[in-house]
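Hi,

Here is the structure I promised to pass on.

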Amino acid sequence: MIHVSDPDAATQLTELSAVGAAFLTDSATNDESLLTPLYSYPDQLDRPWVRANMITSLDGGATDDGSSGGLAGPGDRALFGLMRQHADVILVGAATVRIENYSGAQMSAAQRQARQLRGQAEVPPIAVITHSADIPHDAKLFTRTEVPPLLLTSRDSIDDTYHRFTGLAEVIDASGTAPDRVDPHAVLRIFAERGLMRVLTEGGPSLLNMLIEDDLIDEMCVTIAPILVGGQARRIASGPGEAHTRLRRSHVLTDTAGYLYTRYVR
């Protein structure tokens, strides 16, 4: 413990240290089973539980040279895959699909079996929130996937989107009172109707901000990369709406490369 003198009150800081057993993230070892409890969803959910997984640089940038992939390391990629393994559906924004050229989720035979034992589909679908469905037909979202993606669009765009993506995706009207916008509450209602309770969102910043603004985030998993990017990189959440939602720390992991892997929940 470190006590810090403060004119208003005594402040106690706790130094995070390498306490407890170390474990590998390689799925070929048994150590992955030690990670699973740290990232399991709550049991017996009666509503969608929204987990966000994002990465940021030390100076707050969500991207390095235009994409989040430039910030990632082996540990982050391993946790990225682990969280996908436990999700019923992976929710992303259309801009993220275009920038990162998202493909469908990829699952090994062992991961598929584990999902079946949990009562989940073998492969979780990618669900894309898009107001205008501005996604090229040759995107990996459509060409490298076993499960057709879900395109969640607005009432004003539904007919055009359905016409353009018939046979490539399932197109769903997810608008609310505004016919030209997707309503995140409607998105979660659609997921609940389909039994997709374990929601994993991977951004980008506009989608994450929309979920934060509407108080729909149940937990945040944020990787802090030991990298400075400078420039005009966006934050992991960016948009006009603001909120003040306090979360509690679940755990913080680190690795020899200096990354921090944090999880905060309601």
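Below are some notes on backbone geometry and on one histidine.

This is a predicted model, in which local features need pLDDT of at least 70 and side-chain atom pairs count only at pLDDT 80 or more, while totals for chains, interfaces and linings use all residues. Residues are numbered from 1 along each chain as its sequence is written, and side-chain values use heavy atoms, with hydrogens and water left out.

Most peptide bonds are trans, and most residues other than glycine have a negative phi. Against that background, the bond from G203 to G204 is cis, with omega near 10 degrees. G204 sits in the loop between β8 (198–201) and α8 (205–213); helices (H or I, at least four residues) and strands (E, at least two) are DSSP runs, numbered from the N terminus.

N101 has a positive phi, near 50 degrees, and belongs to the loop between α3 (94–100) and α4 (109–117). A133 also has a positive phi, of about 55 degrees, and is placed in the loop between β5 (126–129) and α5 (140–143). N101 is partly exposed at 33% relative accessibility, whereas A133 is buried at 0% (buried is under 20% relative accessible area, exposed over 50%, partly exposed in between; 1.4 Å probe, protein chains only).

H251 is part of strand β10 (residues 248–254) and is buried, at 9% relative accessibility. Leaving aside residues up to four places away in sequence, H251 touches L38, Y39, Y261, T262 and R263, where contact means heavy atoms within 4.5 Å.

Happy to talk it over!

Best wishes
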